Amino acid sequence: MAAPTNQAADGGGRLIEAHKGYQPRVVFFYLVLAILFAVLAGGLAYRQILQRDLYDDRERVQNQRRIVTPGPRGDIRDREGRILAGSRPQVSVVVLLDELRATFRREANRIHRSYEQAIEDGQTEVDRPSLGEINRQARANVMQVYLDQVNAITGRGLTLDSDGLERHYNVRPLLPYVLVPDLEPADYARLLEQLPIDSPLKIYPSSARVYPYGSLAAHVLGRVRVEPDYEVGDIPGDDLTTFRMAGIAGALGLEYKFNDQLTGGLGWSILRVDPSGFRSETVQESPARQGQTLVTSLDVELQQAAEQGLAVNELPGAAVAIDIASGEVLALASAPDYDLNEVSPRFSNAKNEEINAAGGWLNRATRGVYSPGSSFKILMAIAGFRAGKLDPEHEILCTGAVLVGNRLFRCHGVHGPVNLRTAVEKSCNAYFYTLGLEIGVEAIAAEARRFGLDDPTGIDLPFEETRMIVPDPAWKREQGRGPWTQGDTANLSIGQGDLDITPLQMAAFVASVARGETLTRPTLLHDPSRPPQHSEPIGLAPSDYAALIGAMEQVTLTGSGRLLTTPGSGLAPLTGLRVAGKTGTAQRSTPNGTINFAWFIAFAPVEDPQIAIAVMVEGDTPGEETGGGRYAVPVAHGILKAWLDKRTARP
């Protein structure tokens, strides 16, 4: 039987093929297409709707840049509001590189054609440069043209820093390139008048650190340095490529210690850039803000007096003046010093070597340690009273030397019968040798530590103060230097041997003695409402304390510090001012010979103590016994005279 067929005849007798209305394969094909279109539509919807923010962020990150500008640094002022460190306007000539792109291209094309022409002309020694080399040369040529314009207007002979230009172009093309920094006022005026308005050269204002008094209080104020990579904090655009305008940060002194307070608030702007990375428009911006003002306890007149007094000696030294009640430091000077304007924010190797060779970097007031010599005899008297070994009226006979063991310890004079008053006035070593041997080293060291002479003062300066030394038998054993001897006690009794103290600590010591207490914590910050300091009482009977202060006043009247008040000494009279003080001179052997440390500590007025002073000068006369009166007293006199003049002039 024949197979069935799906053919049929039409009206004309032709055969036609019959199709079923339902084709499974076609339906399956449509279904697959529908699924694919659904997946595509879902993907597009996912990308364009659900991931829209992601792609917007990617676009933003790609075509926006963040520019951060440091704010002006806060002022540092003295206690009366005078600026010790401030910010001055600084004007520079800058070039906006994005305005010169077409000029760079034209110059690059010209250079390329000139090389090609040279090769065609048979100059085979000419090597065809790379495209990068041509572009670098083009930028340098264009920038030199503009620098020549500046030179023609200002009369300068400046040359282009090609390497610096390339670094800036490759790393920070959005930032203005500084062609001429820190214009003089006359140059600024000429350029402002003669530069065309549409010139790519722009006058760019910024701020620079300035120290109006030059070297005044250099070791207190410290210096600043360039800081290109500071933290930008939480300003907007933290996911954008960020360019920072170079800032400055504290490097030494108060500038470093209070850097966070002094640093200005950052200014910022967000720019939209073109595909070449140059500015097209500003999206958002916020101005920079000046940092906070720091008010110090320093007094300009007293600081000047201290530094001028040290300069007269032309010797290394230090001077400190403290307000006795509050502990605020009125002056803190160290010599030699340096002009802060010459080392901030940059300085040359030659300048560094010059300052280093002179010893100018060392703050001798806080980091220099010296044997205090006879100024330590004030503490010896206190230790003697407290140990019950000292009667202020008891006399010993000074014959010019005291035998300690089998060694003769000499006095710098033959003083005859001396009691406490005479011994302090004439700085009799024999008296204090005898007293020290009676007290004993342990009691002396304990008393020195009670006054904090082996501890840092905690002054508001960065980096630790140099460790002071109050020696005793345990300390000597730890140093591997054998047992303690009576000779060591004798040396300690006149402030020599291994005893090492900073001038700042001695100023704090005499301030404590003036208050009848044991500790003074000095500070460099001024607070007009600061309450008076108080610490453990000195622990002397009123009569003993009066005897000690009376002896110290006699030092400045007829004793080793009489230069302070003697008419005809060449020093201006301190009219009506009673001063209690003590001189001292210590010697130390060094590989270069013997160095003297000349001291004077004092407070005034005796009847109402308000100011305490310590001065140390490194003497240059080996073996000199009275250097304190010769070198240190005039420095203290200058400080006291400045203080007295201000006190009597103030309503």
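The views below show a predicted model.

View 1. Pro605 belongs to the loop that lies between β21 (593-604) and β22 (611-619). The peptide bond leading from Ala604 to Pro605 is cis, and its omega is near -15°. For comparison, most peptide bonds are trans.

View 2. Ser344 is joined to Pro345 by a cis peptide bond, with omega near 0°.

**View 3. Glu314 in the loop between α10 and β14.** Glu314 is located in the loop that separates α10 from β14 (317-323). Although Glu314 is not a glycine, its phi is positive, at about 55°. In general, a negative phi is found for most residues other than glycine.

**View 4. The crossing of helices α10 and α21.** Helix α10 comprises residues 300-313 and helix α21 residues 627-649; their axes come within 8 Å and cross at roughly 155°. Angles over 145 degrees count as roughly antiparallel, and α10 and α21 are therefore roughly antiparallel to each other. The crossing in which α10 passes α21 is right-handed. On the α10 side, the contact is formed by Glu301, Leu302, Ala305, Ala306, Gly309, Leu310 and Asn313, while α21 contributes Tyr631, Val635, Gly638, Ile639, Ala642, Trp643 and Lys646. Sorted by class, the residues of this contact between α10 and α21 are 9 nonpolar, 3 polar and 2 charged.

**View 5. The bend in helix α21.** Helix α21 contains 23 residues. From first C-alpha to last, α21 reaches 33 Å, which is close to the 33 Å expected at 1.5 Å a residue. At Val633, α21 bends by about 40°.

**View 6. The crossing of helices α13 and α16.** The axes of α13 (residues 377-386) and α16 (residues 441-450) come within 9 Å, crossing at roughly 115°. Angles from 65 to 115 degrees count as roughly perpendicular, and α13 and α16 are therefore roughly perpendicular to each other. Their crossing is right-handed. In α13, Leu379, Met380, Ile382, Ala383 and Arg386 meet Ile444, Glu447, Ala448 and Arg450 of α16. The contact of α13 with α16 holds 6 nonpolar and 3 charged residues, with no polar ones.

**View 7. The packing of helices α19 and α20.** Helix α19 (residues 503-515) packs against helix α20 (residues 542-557) at an angle of about 130°, and the two axes are 11 Å apart. This angle makes α19 oblique to α20. Val510, Val513, Ala514 and Arg515 of α19 make the contact together with Tyr545, Ile549 and Met552 of α20. Within the contact of α19 with α20, 6 residues are nonpolar, 1 is charged and none is polar.

Technical notes: Residues numbered from 1 in each chain as written. Predicted model: local features only at pLDDT ≥ 70, side-chain atom pairs only at ≥ 80, totals over all residues. Heavy atoms only, no water. Axes fitted to C-alpha atoms, helices over the stretch in contact; angles between N-to-C directions. Helix = DSSP H or I, 4+ residues; strand = E, 2+ residues; numbered from the N terminus. Parallel < 35°, antiparallel > 145°, perpendicular 65-115°, else oblique. Left-handed = near helix turned anticlockwise from the far one by under 90°. Contact = heavy atoms within 4.5 Å. Nonpolar A, V, L, I, M, F, W, Y, C, P; charged D, E, K, R; others polar. Expected span 1.5 Å × (residues − 1). Bend = angle between axes of the 7 residues up to and from the residue.
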